[in-house]
Amino acid sequence: MSTRITDVDVHDVRFPTAAAGDGSDAINRGDYSASYVELRTDGGPTGAGFTFTNGRGNEITCAAIEALAHHVRGRTVEEIAAEPVAFWRSLTADVQLRWLGPEKGVIHMAAGALVNAVWDLRAKLAGKPMWRYLAELSTDELVANVDFHHITDALTPDEAAGILDKGLVGGSERLAELEQSGFPSYTTSVGWLGYPDEKVRALTREAYTQGWRAMKMKVGGPPADDLRRARIIRAEIGPDALLMMDANQVWDVDEAITNMTALAEVDPYWIEEPTHADDILGHARIARAVAGLTDGRCRVATGEVAANRVIFKQLLQAEAIGVMQIDACRVAGVNEVLAEILLAAKFGVPVCPHAGGVGLCEYVQHLAIFDYLRVGTSLDGRMVEYVDHLHEHFVDPVRTRGGRYLLPTAPGYSAAMRPESIARFRFPDGPAWR
């Protein structure tokens, strides 16, 4: 029996986070928002998906989702699953809307919201959490969901199949480990740029007490302020815990190298987004410099706004990153993330998903668990970002213990928002915005 998608509902949901400085960095100070999609079906479950934005502009992403919705409405889940790349291309290569990308920005993010909602439906119909649904697909099925167009010079379907087949070995032991101990994580909640020093100190001390041994701070303000805040965090967590830094693209290449020369004092584990997201060669130059400054201990991490799998391909080919940070919403959904995870495995680079925002933690926990079970097969250098904001608005929120994610158990992609939250924070007419 087939399940047909009968309608596509789109909601503009925004949370007023800017006033408290939550999520603040060197460039952004926004109201965390979601262009939220519900796929209604003829008697089956509702598929939930979204893309994350930073406030104003969420209406543009919602409009883009509406413009693409006809590619989904009226289709059955079964026919989509039978020809997944053809379906994916119907969204990402729409013969007119593709011009607004191509495969980047608002139109690509909108495609991702719809693609993720379809995957949520697929997992719900299978009665499995997304991580398990993906991990239990056959190698042939997983490869069939990846669009290899424009990346075969770095990863072929046969190479992907070899990686996935190898990942079948020891999977049950890896799963038992996660069931017992959870998935490693780090927290960014301690070091937003808009927080005063004493709040940074207090939050760091609290996080350390709760079991977090990897923490990230925002940099990109006045260099002296960055170093002072970094010293505060390092003093609280001691020499053995990991301290990561995130510049959110604010520096030029030479500026990044100069500033990291000073910040090397506090032994950073990585510098994230040190320069413009599209500057592949700039990232490569910074990567070589910070490795030299720290005897190889510090690496470059990026990916949360990498537009598509082709950008990731180039970052890897140029040896510009030591950590790949996939994002569940920036690219066009699960299909493209599969390509990125496989590329990372081919080049031997660990995947540490970007999270935070609205629902990103809920999404990417599934992707990281799948990566460990079927692709990367190692926890060395692997962590999922955790930010303690807005989880209460989700039906199946993330759960952590001792600085580790616990495995989701409910069927689906953990993307469904509570109806009362949608009603309250709907923009512009929800009670929170009146």
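Trainee: Why is Cys298 called buried?

Mentor: Its relative accessibility is 3%, and buried means under 20% relative accessible area, with exposed over 50% and partly exposed in between (1.4 Å probe, protein chains only); Cys298 therefore counts as buried. This is a predicted model, in which local features need pLDDT of at least 70 and side-chain atom pairs count only at pLDDT 80 or more, while totals for chains, interfaces and linings use all residues. Residues are numbered from 1 along each chain as its sequence is written, and side-chain values use heavy atoms, with hydrogens and water left out.

Trainee: How many disulfides does the structure hold?

Mentor: The structure holds zero disulfides. Cys298 is in none, the nearest cysteine sulfur, that of Cys352, being 13 Å away.

Trainee: Why is helix H13 called roughly parallel to helix H14?

Mentor: The axes (lines fitted to C-alpha atoms over the stretch in contact, with angles from 0 to 180 degrees between N-to-C directions) of H13 (residues 309–317) and H14 (residues 333–347) cross at roughly 10 degrees and come within 10 Å. Angles under 35 degrees count as roughly parallel, over 145 as roughly antiparallel, 65 to 115 as roughly perpendicular and the rest as oblique; H13 is therefore roughly parallel to H14.

Conventions:
A disulfide is a pair of cysteine sulfur atoms within 2.5 Å. Helices (H or I, at least four residues) and strands (E, at least two) are DSSP runs, numbered from the N terminus.
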